[in-house]
Protein chains: 2
Amino acid sequence: MMINRNNPIPAYIQLKRIIKDQILAGRLMPGDRLEPEWKLAARYGISRNTVKKALDGLKQEGYIHQFQGKGTFVSQPRISHRFVTTISFTEELLARGLRPSSRLLEGGELIPPADIAKELGLRKGEKVYKIRRLRFANDDPVGVNLSYIPCKICPGLLGEDLEKGSLYALIQEKYHFRIVKVRRDYETMPVDREIGELLEMELGSPVLKMTGVVFNEMGKAVDYSIEHYK
Amino acid sequence: MMINRNNPIPAYIQLKRIIKDQILAGRLMPGDRLEPEWKLAARYGISRNTVKKALDGLKQEGYIHQFQGKGTFVSQPRISHRFVTTISFTEELLARGLRPSSRLLEGGELIPPADIAKELGLRKGEKVYKIRRLRFANDDPVGVNLSYIPCKICPGLLGEDLEKGSLYALIQEKYHFRIVKVRRDYETMPVDREIGELLEMELGSPVLKMTGVVFNEMGKAVDYSIEHYK
DNA sequence: CAGTGGTCTAGACCACGCT
DNA sequence: GCGTGGTCTAGACCACTGA
């Protein structure tokens, strides 16, 4: 399949279509490396910038990812878009016109309990960062967030400012992930003493407990979190 | 604010930040037209291609849109998919000031496939209602909802008006449940033909697929649903 | 018509991963 | 060192809009 320069469809869209078809047809499998950009440019008789524009689109749609110095690879699952916006406490509150903020309660590094290690797909002895934050909306405490994040996935995370903005945005920006899959359990339950004190609630009032795992485009679990919301 | 070429942050990201800040600060209001690309390039001392890359990012994030031959305009604040913290489509849309409605595509009674029976905790041969609805926001189709609800939990459900309001509200009211636990999986994927036609989307555009189970206060699964949203 | 964004080129240098 | 993607330039022509 070649690019037809008489076709009014732009070359980068034609190339995108060609590569996408190869992925959907299984001729390119998840994990496969594509030819380097310069070679694609030569093969299809277009400039490298045009190849980049095609690849940008495919990256955007979650079909591929790229690593500087390594190459271009077909992504694991199907497709992704901006999942952050649907899962981020920070953006959620901003969208509602509230002012979100956080206070770091605890940040450390440890070997996680077996059940959490299993959810994260970690081998025995692999460490995680444990990050516990109290969340505010307009300075009212509204939630407690406990996250376990594999150290090998996000090295140096504790050196970041964990009280500013969205943790997911930080992770995606710093480590160049895209979050493509989310699993969430929601449950209402009476509040226990510890959470109740943090959220300034009466003992036994109902809280929303949310447990979740998020996955990046390579199918790796990036975060296991337990959250309690008023 | 200018672009600092000694700053290791790429010029296009610096420009993106500058423009985004102007929008967030209200110096650029929704509907305002930005300077033409060539003028931005001259003002910030970078090439037009670099300006385009910054604008592409902002377009991508929904802050601006562009029209060939007309210019670059600040977008209305984005409506984000915030299904995570809400259970009910109806309530979600009402909260956003949109008018929700539904059209019943399919309503019947059947023995569910084994995997769905398992999710619902049903014994062999126990029937479910299968309810498929197209969802509208202000008469635009925005989602397709497929629900499996155990007949023994909600007897006579098909006799109700399934196009009016929230199915969850109906179920909770008629059968005196409280929904206390929800499990949700979110994933984005390219739209297939059937859903694409219902939602009036181009084949392969990304849709949010949500799969979920809700439980009542007795721990019984009340509903297994598969939904696709624009 | 002039002005705008859309596409595209043929280069360049840099940052990074690997061997 | 070499190959990769990341960024950037200074042009060019086209398609579309609106006066």
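This is a predicted model: local features need pLDDT of at least 70, side-chain atom pairs count only at pLDDT 80 or more; totals for chains, interfaces and linings use all residues.
By class, the residues of the surface near DNA strand D divide into 7 nonpolar, 12 polar and 9 charged.

Individual polar contacts to DNA strand D involve several parts of the nucleotide. An N or O atom in the side chain of Arg48(A) is placed 2.7 Å from a base nitrogen of DNA strand D. Gln66(A) brings a polar side-chain atom to 3.2 Å from a phosphate oxygen, while an N or O atom in the side chain of Gln68(A) is 2.7 Å from a sugar or linking oxygen. Two or more residues of this surface come from each of α2 (37-44), α3 (48-60), β1 (64-67) and β2 (71-74) of chain A, and from each of α1 (11-24) and α3 (48-60) of chain B.

Around DNA strand C there are 29 residues, with Ala11(A), Asn49(A), Thr50(A), Trp38(B) and Arg48(B) nearest. The surface near DNA strand C comprises 7 nonpolar, 12 polar and 10 charged residues. At least two residues each are supplied by α1 (11-24) and α3 of chain A, and by α2 (37-44), α3, β1 (64-67) and β2 (71-74) of chain B.

Phosphate oxygens of DNA strand C are approached by a backbone N or O atom of Ser47(A) at 2.7 Å and by a side-chain N or O atom of Gln66(B) at 3.2 Å. In Gln68(B), a side-chain N or O atom lies 2.7 Å from a sugar or linking oxygen of DNA strand C.

Definitions and conventions. Residues are numbered from 1 along each chain as its sequence is written. Chains are lettered from A and ligands numbered from 1 in the order in which they are written. Side-chain values use heavy atoms; hydrogens and water are left out. A polar contact is a pair of N or O atoms within 3.5 Å; within protein, one must be able to donate a hydrogen and the other to accept it, and residues adjacent in sequence count only if both atoms are side-chain atoms. Helices (H or I, at least four residues) and strands (E, at least two) are DSSP runs, numbered from the N terminus. Ala, Val, Leu, Ile, Met, Phe, Trp, Tyr, Cys and Pro count as nonpolar, Asp, Glu, Lys and Arg as charged, and the others, Gly among them, as polar. A residue is near a molecule or strand if one of its heavy atoms lies within 4 Å of it.
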